[in-house]
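Biologist: Please take a close look at one part of this model for me, and follow its packing. Spell out the cut-offs as you go.

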Amino acid sequence: AIYAYVIPATGAYYIECKAVTGTGSYSLEALLSATTPPPALIATPDYSSITLAAGQTVTLALKGQGAGSLNLDLVNASNTILASGTAGASNFDKIATYTASSAGTHYIRVQGDPNVEYVLTAITGATIDQEPNDSFATGQNLVNGNALGAINTGNDDWYTFTVSAGDLITLTTATPADGNGEFVNNLDPLIELYTPANVLLGSDDNSFGDGRNARLSKIAPTSGTYRVRVHGAANTIGEYAMSATAADAPPRVAGLQINDGSMQRSRVTSVTLTFSELVTLPGTPSAAFQLKRQSDGSTPILTVDLSASTGTQTIAKLTFTGAATDSTSLADGRYTLTIFSASVTDVPAQQQLDGDGNGIAGDDYVVIGDPMTNKLHRIFGDNDGDGTVAAGDFIQFRLAFGGTSAIFDFDNDGAVAASDFIQFRLRFGGSI
């Protein structure tokens with residue numbers, strides 16, 4: 001019974017029926033009784049159908065919109081229960097999750113007290129936001145790397161997923177609605193990525209193409225369970241969809257070493273590059289590299305030695321001859337090193353080099369020499385690598401004079417002698 005009323009006096013009474021929204025047909029039953037109350041409404045189940053593929057996971061979430069009790073079940077065509085909803089999430093009354101053993105039509109059954117309005121959500125291939133999941137410790141496991149949720153005032157959502165060291169993790173958000181005839185969604189999503197040790201690996205607010213949603217790519221430094229936090233920038237609230245993927249990262253440069261790694265830049269005879277994985281170089285490996293002196297654009301001839309490579313990493317040692325060289329060392333100057341992405345691909349995916357390390361293949365690796373940062377420079381006599389030849393360098397030269405120091409042997413003849421001192425004196429007090 002929707003409404004019952006005791007008639008106070010004999011006469012004509014009127015029942016008005018009008019639409020809240022829309023148009024359509026309806027039926028109305030008015031029951032009159034002097035002594036017997038109207039019959040109680042018998043609650044009948046509501047059924048909805050959903051088609052699942054074998055192995056596909058569906059999550060059902062039920063939220064009543066008033067007083068009363070409701071039950072949630074997923075059943076087959078014979079009305080046999082496959083999964084039943086359980087309580088526990090503070091933002092839903094019942095949650096049920098089921099992975100289909102075979103393809104076909106499945107049925108969602110909602111039943112319980114009469115006249116209780118409800119909202120039913122069915123989502124496949126994703127996790128639905130279940131509160132409380134507001135901390136590192138209470139993060140929800142992502143289903144297929146996807147989540148659908150909402151941020152309310154003072155609330156954020158955490159999710160977990162497992163990746164291997166070296167995987168490229170990519171996180172993206174989307175904000176549904178805001179179109180014509182759709183509800184207003186003010187959320188400006190901000191995402192944060194945390195390592196298994198709860199260390200912030202990176203965050204993003206508006207890097208997606210629409211200038212509102214987030215996009216973040218990071219290389220996993222270790223294997224384990226990572227967490228992503230979703231919350232609203234500037235305390236905005238609303239709905240979101242979030243996706244987390246882990247894929248084989250494109251190759252990148254994992255390390256650069258000048259000479260043997262020491263600070264001296266008096267003689268620079270090699271640059272060693274360690275790639276993050278095995279890569280394929282051109283038939284002439286030196287074609288993948290360019291070293292250019294900044295002052296005049298001179299490019300030494302490069303020889304590439306790959307003999308130090310391992311079963312998991314390519315290691316390329318560059319040595320120099322020709323223009324802008326002095327006796328197997330680079331000549332004085334600052335240098336720019338470029339590795340051409342199109343000439344370096346990984347095995348077997350054939351992804352091009354990720355030169356800037358942002359997780360996206362196809363950009364060159366470029367190091368612009370500077371004595372204060374990467375120290376890709378040379379000035380003879382510079383023992384401490386600071387780009388100058390000063391008193392401290394002279395003390396070291398004097399100690400090496402007459403010996404066999406490779407650092408101060410300008411002509412590479414095996415001895416530090418008068419001819420080397422002449423070159424040192426020419427540069428004393430200078431810098432690059």
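**Pairing and packing**

Modeller: Strand E10 (residues 146-151) and strand E17 (residues 238-248) pair in the antiparallel sense, over 6 bridges. Strands here are DSSP runs of E, at least two residues long, and helices are runs of H or I, at least four residues long, both numbered from the N terminus. Two strands pair if DSSP finds at least two bridges between them.

This is a predicted model: local features need pLDDT of at least 70, side-chain atom pairs count only at pLDDT 80 or more, and totals for chains, interfaces and linings use all residues. Residues are numbered from 1 along each chain as its sequence is written, and side-chain values use heavy atoms, with hydrogens and water left out.

Back to E10. Gly-149 has Tyr-240 of E17 as its bridge partner. E10 also pairs with strand E8 (residues 127-128), through 2 bridges. E8 and E10 run parallel. Here Leu-148 of E10 stands opposite Ile-128.

Now the helices. H1 (residues 391-400) packs with H2 (residues 418-427) at an angle of about 180°, and their axes are 12 Å apart. Axes are lines fitted to C-alpha atoms, for helices over the stretch in contact, and angles run from 0 to 180 degrees between N-to-C directions. H1 and H2 are therefore roughly antiparallel. The cut-offs are under 35 degrees for roughly parallel, over 145 for roughly antiparallel and 65 to 115 for roughly perpendicular, with the rest oblique.

H1 brings Asp-393, Phe-394 and Phe-397 to the contact, and H2 brings Asp-420, Phe-421 and Phe-424. Contact means heavy atoms within 4.5 Å.

Asp-393, Phe-397 and Ala-400 of H1 are buried. Buried means under 20% relative accessible area, exposed over 50%, and partly exposed in between (1.4 Å probe, protein chains only). An α-helix has 3.6 residues a turn, so residues three or four places apart point the same way. The buried residues of H1 pack against H2. Arg-398 and Leu-399 are exposed on the other side of H1. Gly-402 follows H1, with a positive phi near 90°.
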